[in-house]
2 protein chains.
Amino acid sequence: MIPFNSRLSSVIQTKHSHLCVGLDLNPEALGASQVSLDALKSHAFKVIDATHDLAAAFKPNLAFFERWGSAGFQWLEETMDRFGNDTIIIGDAKRGDIGNTAKQYAHSLFNHFGFDAVTLSPYMGADSIAPFTSDPEKGVFILCRTSNPSAIDLQNQPIGGECLFDKTAQLCVEWNDNENVGLVVGATAPEEISRIRKQAPGLPFLIPGIGAQGGDLERSMTDGNSNGDALINVSRGISFAGDMSEKAIRSAAQDYVNQMQDIMA
Amino acid sequence: MIPFNSRLSSVIQTKHSHLCVGLDLNPEALGASQVSLDALKSHAFKVIDATHDLAAAFKPNLAFFERWGSAGFQWLEETMDRFGNDTIIIGDAKRGDIGNTAKQYAHSLFNHFGFDAVTLSPYMGADSIAPFTSDPEKGVFILCRTSNPSAIDLQNQPIGGECLFDKTAQLCVEWNDNENVGLVVGATAPEEISRIRKQAPGLPFLIPGIGAQGGDLERSMTDGNSNGDALINVSRGISFAGDMSEKAIRSAAQDYVNQMQDIMA
């Protein structure tokens, strides 16, 4: 039995890649005025096929599937079958509910859909997280300091000389008994990556915000990967790159992998 | 055009009921060792048919549908068709994501499934909430002080003489420009209901935690309904009451409605 955090390290090393390809499959981004679910399905498969050997992880965001209701969840089920076994699949769900309910979400995301890890919100505390961490082979990435402009509304509230996100980071360390807890830390707040790294040494970071959101790739890589692993998520910058051909998508992914390797060289 | 908060008030007055029937349709609660989705579907319809004239609102929790994947979402679609138009339907989803993604969740919950209101997590701040509040006829209930034991982990963190949940309450007031923002405040923290009521006068409260969680009905009703409306949620105490017959379910719902009317008399 290999705990999730160790498996993630091993995949990053084996594939020489810190890239997480985010699947935020926005129909508007495909350009046409009326986009069918079939067109989006084909596009998702194209992105997966073009990048699966370059990516350490894929991160489908559930919102873009739920938009279509049950047909969207069917699409997610089909998409899960397309991923190989050599890549970490993270369900970007940001769930958070009381224990009794969290168990159902864990069943959905881990057992039904088969994700290796999920993103969670910490607002409801330990008992909303525990049902997701009981199996060491499944991982969680807990929202700590997110990449959006309004992240500061709650996350930067001052608590005795620290911020709320510092407290969240400390809780993540407490909750890591099974070596399967990581943190979401946005690339748009680069000073805070190193600060949170000090609070949570050894825990993996999932870093969104590179590309469309304008985050700092260099500091995400150097600070995120000091004393722990960092997965760097790129969504729109890969899924909808250039003319959206398989070639353009692969080229964008390869370019990000090269940039990350150069930074770490 | 009637803003959501006004419509909610009007339904509560017309139906003489503050009861929200929570649909947390846990297969284990049905008792049999192997419960089919069909058995759960029938049970959900039984609960709705037995209580729709007594309830001001229904609150399906999405986790219990998502547990079954696309078949569960089909079931949710069928369930939405069973509710009448004289009851408020709240999607208990506790979503919270960056603006671009929140738009997709809002489309899913309001346009695809047709909920009147949804529950949201505040951890990511204003831009994660805004896509849900742009239509005044659709409402949101934002997690403020939740009913679970670990709620205190983050929500009671001290911020300059207050707690994080006080700050959340103040943000909810700021976000209420369209008169469609309410708060989730647990019945298990009765002192905090009156405290939050002072922070957010006039905003509706959705109060879970009555029944299985052991919350305080009297203070939830008196403090929640002073200077604003309170919806009191009961899930397991109604959906799985007694022998789980339509009669037992209706009787449990009627009993809660009577208790609430007595408290307000």
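1. Helix H4 (residues 70-82) of chain A packs against helix H4 (residues 70-82) of chain B at an angle of about 180°, the axes lying 8 Å apart. Because angles over 145 degrees count as roughly antiparallel, H4(A) is roughly antiparallel to H4(B). Axes are lines fitted to C-alpha atoms over the stretch in contact, and angles run from 0 to 180 degrees between N-to-C directions. Helices are DSSP runs (H or I) of at least four residues, strands (E) of at least two, numbered from the N terminus.

2. The model is predicted; local features need pLDDT of at least 70, side-chain atom pairs count only at pLDDT 80 or more, and totals for chains, interfaces and linings use all residues. Residues are numbered from 1 along each chain as its sequence is written, and chains are lettered from A and ligands numbered from 1 in the order in which they are written.

3. In this helix pair, A:Ser70, A:Phe73, A:Gln74 and A:Glu77 meet B:Ser70, B:Phe73, B:Gln74 and B:Glu77 (contact: C-beta atoms, placed from the backbone, within 7 Å).

4. In strand E8 (residues 181-185) of chain A, five of five residues are buried (20 or more other C-beta atoms within 10 Å of the residue's own, C-beta atoms being placed from the backbone). A:Val181, A:Leu183 and A:Val185 point one way, A:Gly182 and A:Val184 the other.

5. Strand E5 (residues 139-145) of chain A runs parallel to E8(A), joined by five bridges (pairing requires at least two DSSP bridges). A:Val140 stands opposite A:Val181.

6. E8(A) also pairs in the parallel sense with strand E9 (residues 205-207) of chain A, over two bridges; A:Leu183 stands opposite A:Phe205.

Note on methods
Angles under 35 degrees count as roughly parallel, over 145 as roughly antiparallel, 65 to 115 as roughly perpendicular and the rest as oblique. Two residues are in contact if their C-beta atoms, placed from the backbone, lie within 7 Å. A residue is buried if 20 or more other C-beta atoms lie within 10 Å of its own, exposed if 12 or fewer, and partly exposed in between; C-beta atoms are placed from the backbone.
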